[in-house]
Amino acid sequence: MAKAAFKQKLGLVDLSLLGIGSMIGSGWLYAALTSSGYAGAQTGWAWILGAIIVLMIGLVFAELSAAIPRAGGFVRYPNFSHGNVVGFVIGVSSLLAYTSTAGVEVEAVRQYAQYWWPAVSNSAGGPTALGFAVQILLLVGFFLLNYWSVSFFGRVNTIVTTFKFIVPLLTIGTLFMYYHGANLDVPPPPPGGAHGIFTSLTGAGIVFAYLGFRQAVDFASEAKNPQRNVPLSIIIAIAVSFVIYIALQYAFMGAVPSEALSAHGWDGLKQVFQSPYADLARSLGITWLINLILVDAVISPAGTGNIYLAGASRVLFAWARNGHLFKIFGEVDAKSGVPRGALWLSLILSIAWTLPSEFQVWGGLIGAVTSATVFTYMPGPITLGAFRRHLPDMPRPFRLPVAAILSPLAFVASTLLIYWSGWSVNEILIPILVLAWVGYALFGKKSDTSGRDLKCAWWLLVYYLLVLILSYLGTFGGINAIASPTDMILVTIASLFCYYWGVAASLSVPEITDDEEISTDADEKPSGKYAHN
């Protein structure tokens with residue numbers, strides 16, 4: 001009988017397109033308009049700052065995934081460095097982030113499809129029974145694309161991502177023909193300035209638009225030469241997406257008709273442009289671009305949903321390998337090299353996120369779970385610091401330069417992103433993670449290492465509570481008891497305290513398990529004691 005194993009079939013181009021395909025989803029259709037409403041012409045700085053922050057975080061995981069390629073690495077690395085309590089809680093945030101994203105993307109497909117097929121949406125914009133069925137069928141379609149093999153999934157993603165490249169590039173080139181430089185002189189709505197820039201990072205979906213870099217890490221066990229290709233693909237995906245997004249931003253702002261901008265201002269444009277690029281093209285009389293954008297508005301979210309359903313299965317697989325799910329979800333199908341049990345569970349959970357709007361508990365969480373993705377990145381710098389301390393001789397095909405500076409900076413940046421997401425998000429999400437921490441500490445599986453794992457996890461509980469308190473007291477949706485920039489200084493100090501505590505509290509001997517099997521081609525030899533399973 002064939003031995004169940006991941007198959008290393010994804011090359012550098014495949015991994016890069018996985019990242020880019022995740023980034024160029026529904027976000028590009030809205031981010032330019034929404035961010036303009038926060039920061040006006042200064043929103044370009046938000047795209048630059050967002051790219052720098054995500055690149056720092058990405059390079060942390062580039063070192064980790066190149067040294068220790070693991071499917072669902074974001075869930076596995078904290079378990080290796082800090083034990084089961086931390087690993088379980090980070091798994092909860094990853095579970096929320098991934099399964100919700102696939103569901104939300106198919107909702108975006110259905111909402112745009114109503115332009116041609118009004119029967120899929122009701123008068124309030126929610127799904128009809130037919131619309132709900134269409135969303136489920138889309139998710140089932142993604143499931144089937146992922147079910148057969150990782151090679152087939154990679155080929156389909158390459159085709160879809162190529163189309164997703166073409167439409168934004170055509171949009172950029174066309175809109176710059178209508179560019180009005182004077183538009184950039186129109187001031188942003190108050191408070192504008194730095195506050196508007198920071199708010200747009202999370203509130204306008206700018207950072208969310210970059211978060212697809214993680215796909216290379218999640219698929220590291222299925223990558224050819226992961227020690228080289230995973231770090232490179234992370235850098236390529238972020239760089240390419242940044243160029244496309246910054247060009248889209250200024251093409252949009254420059255092409256807005258001056259009379260519309262004078263009448264409504266940057267913030268008021270959202271009342272005029274319900275579908276930003278399509279409505280802008282309509283106001284300019286560019287009929288062919290309207291139709292092209294509306295077609296892409298269905299394809300782009302569908303492509304992203306397909307990738308995230310696949311990524312969700314790797315996260316669930318990793319969670320099972322950590323011992324937090326039934327073993328069936330941690331198994332790989334021998335023939336296809338796909339974790340089919342985890343893929344089935346991903347499908348079920350993603351469908352749950354698309355439940356009709358009367359399920360207010362789910363609907364209320366959807367806005368918060370996107371920020372859960374950042375919570376999955378947050379422990380990465382601490383794990384890197386722990387491995388640098390306890391495993392100095394571990395082979396590192398990619399080594400983060402000046403890690404003593406960049407690693408804590410990446411942790412601080414992650415914390416600030418969480419803080420900037422605002423109290424309305426943090427008051428929902430952080431209590432869920434606190435309950436996950438307490439619940440596992442009290443009722444999780446007990447073993448000889450339970451006391452040790454709990455000792456390694458106190459920093460994480462304190463971190464959640466400090467961020468929750470500062471978010472409530474601060475200026476980003478809080479009660480403004482702490483003025484700006486004092487609030488951000490306190491967040492920085494609190495995050496640095498938790499960073500060094502977290503590194504010091506790590507396992508003195510990291511438990512890096514070799515429990516995944518990887519099927520390699522004869523001419524590809526994974527290298528390094530920790531490099532493969």
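Predicted model: local features only at pLDDT ≥ 70, side-chain atom pairs only at ≥ 80, totals over all residues.
Which element gives the most to the lining of the second largest cavity?

View 1. A search of the whole structure finds two cavities of 30 Å³ or more. The second largest cavity holds about 30 Å³ of space. Its lining consists of Thr415, Tyr463, Leu466, Val467, Leu470, Val491, Ala494 and Ser495. Two elements, α21 (458-473) and α22 (486-504), each give two or more residues to this lining. The element that gives the most is α21, with four residues.

View 2. Among the residues around the second largest cavity, six are nonpolar and two are polar, while no charged residue takes part. Tyr463, Leu466 and Val491 are among the lining residues shown.

**View 3. The salt bridge between Arg388 and Glu63.** Side chains of opposite charge can pair when their charged atoms come close. Five salt bridges are found in a search of the whole structure. In one of them, Arg388 pairs with Glu63, and the closest N and O atoms are 2.8 Å apart. Arg388 belongs to helix α17 (residues 379-390) and Glu63 to helix α3 (residues 43-67), so the pair ties together parts that are 325 residues apart in sequence. With a relative accessibility of 22%, Arg388 counts as partly exposed. Glu63, at 2% relative accessibility, counts as buried.

**View 4. The network that includes Arg388 and Glu63.** Salt bridges link Glu63, Arg388 and Arg396 in a network. Within this group, the contact between Arg388 and Glu63 has its closest N and O atoms 2.8 Å apart.

**View 5. The salt bridge between Arg452 and Asp453.** The side chain of Arg452 meets that of Asp453 in a salt bridge, with an N to O distance of 2.8 Å.

**View 6. The salt bridge between Glu511 and Arg452.** Arg452 also meets the side chain of Glu511 in a salt bridge, at 2.7 Å from N to O. This pair links distant parts of the chain, as Glu511 lies in the loop between α22 and β2 (518-519) and Arg452 in helix α20 (residues 450-455), 59 residues apart. Glu511 counts as partly exposed, at 37% relative accessibility.

Note on methods
Residues numbered from 1 in each chain as written. Heavy atoms only, no water. 1 Å grid on protein atoms, 1.4 Å probe; cavity = no way out; pocket = protein on both sides within 12 Å on 5 of 7 lines; lining within 4 Å. Points joined across faces, edges and corners; volume = space filled by probe spheres on them. Nonpolar A, V, L, I, M, F, W, Y, C, P; charged D, E, K, R; others polar. Salt bridge = Lys/Arg side-chain N within 4 Å of Asp/Glu carboxyl O. Buried < 20%, exposed > 50% of the residue type's maximum accessible area, 1.4 Å probe, protein only.
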